[in-house]
Amino acid sequence: MTGERPVLVATEVNDVTADMVIAHINQRGVPVVRFNPADFGTDLTMSARFGIGPSPVTGQIRTPSRIVGLERVGAVYWRRPVWPLFEHLQDADAQFATAQVRYGLGGTLYGLQGCLWLNHPLRNAAADYKPTQLALAHRMGFSVPPTLVTNDPNEARRFIREHRQVIHKALRWTPYQRDGVGLTSWAEPVSAEELDETVRFTPHLFQARVDKVADLRVLIVGRRTFAVRIDSDLLDWRRDYSALTYSVVELPNRMEKTLLAYLDHFGLASGSFDLAVDRDGAFHWLELNPNGQWGWLEERTGLEMAAAFAQLLVEGSLAEGEADARA
């Protein structure tokens, strides 16, 4: 147990999901320091010393309401932090300043010893590549829909004609605006006829469509598994949350162990998996979101997800013999 060792929560200003976890940590009487890297230089101050005394890193982080000694941190919940943009500076200066914060604040936190990361951002990043996910899922025995990643329009057309029903997915979600309007990308059906030479400019992910009857979102926190079946008629259930119905399910033991081993491969303490369920009840791999949303699922199902996050952060470790999610 960490006892009174504080928990750092790095996230944006409005984060209801983080609020849920913090409320449970507060109930346990453990100090919490919430901060956003975007506040660096205003409401966030850091001082760190290296090569002095027995601890590799000493110093403190200060917010308007909290001060925490870096050597005392028991866990870091790297939720949804925002890095500063320094919009008052010229572009080159702003880029330089942002890099200094990323590598100064980020590098100091990454150097903390003996604290649990949920999840370490460098490990989140390593796990966030869809092609890597697909290759690992195949190696671990998951049913992976036939998938093509290419910038060759002719190859893409051949793949679509071979598999007939094919969808297109973005390889990485990124903030995107058109004419000042925020947009997002969905899994969409695609035909060979609609492809043109612009395919050559970036890699595209094409995937054979699974004849699914439902989706499965599996959240793992430490060694606790929460599996929720999502029923709808939607290809991509994220398009309309009002059209969804939810039911709590139990995973087959072998599937649960494989998902845990998948997280262990990347050294992650938590992750959200998306699987498709076909008409025979078989599961098909879709993707892992190492830092996925889950708060709405707790509201819809009553599963104690926030409490599980709080417990893991307060205890500050996974069970003995399991993946090391410490720095």
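**Close-up views of a predicted model**

**View 1. The second largest cavity and its lining.** Lys130, Gln133, Leu134, Lys169, Leu205, Gln207, Leu286 and Glu287 line the second largest cavity. The elements that give two or more residues to this lining are α4 (130-139), β13 (204-208) and β18 (283-289). Helix α4 provides the largest share, 3 residues. By class, the lining holds 3 nonpolar, 2 polar and 3 charged residues. The space inside comes to about 40 Å³. The model shown here, and in every view below, is predicted.

**View 2. The largest cavity.** How many cavities of 30 Å³ or more does a search of the whole structure find? It finds 2. The largest cavity has a volume of about 60 Å³. Its lining includes Tyr77, Arg79, Leu118, Asn119, Leu219 and Ser270. Ser272, Pro290, Asn291, Gly292, Trp294 and Phe309 also line this cavity. Two or more lining residues come from each of β6 (75-80) and β17 (270-278). Sorted by class, the lining has 6 nonpolar, 5 polar and 1 charged residues.

**View 3. The largest nonpolar core.** This core has 34 residues. Which residues have the most contacts inside it? They are Val21, Ile25, Tyr77, Trp294, Met305, Phe309 and Leu313. Several elements each supply at least two residues of the core, among them β1 (7-11), α1 (16-27), β6 and β7 (116-118). Strands β14 and β15 do too, as do helices α7 (295-301) and α8 (305-315). Helix α8 gives the most, with 8 residues. Look again at Tyr77, Trp294 and Phe309: they are among the core residues with the most contacts, and they also line the largest cavity.

View 4. Side chains of opposite charge can pair when their charged atoms come close. Here Arg223 forms a salt bridge with Asp264, and the closest N and O atoms are 3.0 Å apart. Where do the two residues lie? Arg223 sits in the loop between β14 (212-221) and β15 (224-231), while Asp264 belongs to helix α6 (residues 253-266). The pair therefore ties together parts that are 41 residues apart in sequence. Arg223 has 26% relative accessibility, so it counts as partly exposed. Asp264 is also partly exposed, with a relative accessible area of 28%.

**View 5. The salt bridge of Arg238 and Asp236.** The two side chains meet with an N to O distance of 2.6 Å. Is Asp236 buried or exposed? Asp236 is buried, because its relative accessible area is 7% and buried means under 20%. Arg238, at 34% relative accessibility, counts as partly exposed.

**View 6. The salt bridge of Arg200 and Glu197.** The side chains of Arg200 and Glu197 meet at 2.6 Å, N to O. Arg200 is partly exposed, at 39% relative accessibility. Glu197 is partly exposed as well, at 46%. How many salt bridges does a search of the whole structure find? The search finds 13, and the Arg200 and Glu197 pair is one of them.

Note on methods: Residues are numbered from 1 along each chain as its sequence is written. This is a predicted model: local features need pLDDT of at least 70, side-chain atom pairs count only at pLDDT 80 or more; totals for chains, interfaces and linings use all residues. Side-chain values use heavy atoms; hydrogens and water are left out. A salt bridge is a side-chain nitrogen of Lys or Arg within 4 Å of a carboxyl oxygen of Asp or Glu. Buried means under 20% relative accessible area, exposed over 50%, partly exposed in between (1.4 Å probe, protein chains only). Helices (H or I, at least four residues) and strands (E, at least two) are DSSP runs, numbered from the N terminus. On a 1 Å grid over the protein atoms alone, a cavity is a set of points where a 1.4 Å probe fits but cannot get out, and a pocket is an open set with protein on both sides within 12 Å along at least five of seven lines; lining residues have an atom within 4 Å of a point. Grid points are joined across faces, edges and corners, and a volume is the space filled by probe spheres set on the points. Ala, Val, Leu, Ile, Met, Phe, Trp, Tyr, Cys and Pro count as nonpolar, Asp, Glu, Lys and Arg as charged, and the others, Gly among them, as polar. A nonpolar core is a set of buried Ala, Val, Leu, Ile, Met, Phe, Trp, Tyr and Cys residues joined through side-chain atoms within 4.5 Å.
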